Amino acid sequence: QVILKQNRINSWLLLFMLIIPYILSFSIGVIGCLLLSAAITYLIHFRLLTRKRRLINLLAVVATVAISFFTFLILFFPQNILFLRFENIFIGNDTSGNGRTYEAFILAMKMLDLKSYEWGIGAGQIKILGADIIRSYYLYDLDYNTFAIPNAVAETLAIFGWVGFTLRLLVEIFLFFYTKVWTNYYRLLLFIFIFFYQFSGSFITNIAEYVIWILAFTNSFPDFDVRKKYTGRIVC
């Protein structure tokens, strides 16, 4: 009993250690994709997950902490940086969010105008052919060096054209069904997160993104299998 209680305490501490850095970093895109992926995963496996008491307790604690946190900010710090960031996002004045979403695709299309819509401008050409486009769009100085577009899908579109863009999505969808991602809670969560996140950030050379794809398409977490019959402690 003592060991079990200590393990639960360590699990809660680990959870908060993972959540707090995201909140303090104001990474709204990452937090939004995490919440969206968690919500979709829960809806897909609603009946099974609802039966898991630990998960319901976790959701209750997270909801309580989140409501308390935002209530505290509203009452005592209404002009805090987090709320200002949300306001800028909703009114379209968040330069970071704009640059990682629709503006990234605008730049990609401008680069495709230079060569081929079907095959793109080629690997390594963003820092050569696309540099002037990025500098002129954002009014950067002529000595400003740029090497990438801060959006993995938009960067794929610019480098490999619509052929590469389509192939990227088709491979992801094929591997989703081929490896039966939905049969594992954690793999499904990872897949949904990184699928949406690739449209709102990352880079085509981002190793961390590829690691998440690999984990989503390989059965590395059997304890989270949907239909697994557990003989020991249940993992939610």
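Which helices each supply at least two residues of the lining of the second largest pocket? They are helix 2 (28-44), helix 5 (81-91) and helix 6 (95-100). Helices here are DSSP runs of H or I, at least four residues, numbered from the N terminus. The model is predicted: local features need pLDDT of at least 70, side-chain atom pairs count only at pLDDT 80 or more, and totals for chains, interfaces and linings use all residues. Residues are numbered from 1 along each chain as its sequence is written, and side-chain values use heavy atoms, without hydrogens and water.

The pocket holds about 310 Å³ of space. A pocket is an open set of points on a 1 Å grid where a 1.4 Å probe fits, with protein on both sides within 12 Å along at least five of seven lines; lining residues have an atom within 4 Å of a point. The volume is the space filled by probe spheres set on the points, which are joined across faces, edges and corners. Helix 6 gives the largest share of the lining, 4 residues. I28, G29, R85, G97 and R100 lie nearest the centre, among 15 lining residues.

R100 also touches N151 (heavy atoms within 4.5 Å). N151 sits in the loop between helix 8 (131-138) and helix 9 (152-178). Because its relative accessibility is 0%, N151 counts as buried (under 20%; 1.4 Å probe, protein chains only). A polar atom of the N151 side chain lies 2.8 Å from the backbone oxygen of F199.

F199 is in the loop between helix 10 (185-197) and helix 11 (207-217). F199 is in contact with residues including R100, N151 and L169.

Note on methods
Buried means under 20% relative accessible area, exposed over 50%, partly exposed in between (1.4 Å probe, protein chains only). A polar contact is a pair of N or O atoms within 3.5 Å; within protein, one must be able to donate a hydrogen and the other to accept it, and residues adjacent in sequence count only if both atoms are side-chain atoms. Lists of a residue's contacts leave out its neighbours within four places in sequence.
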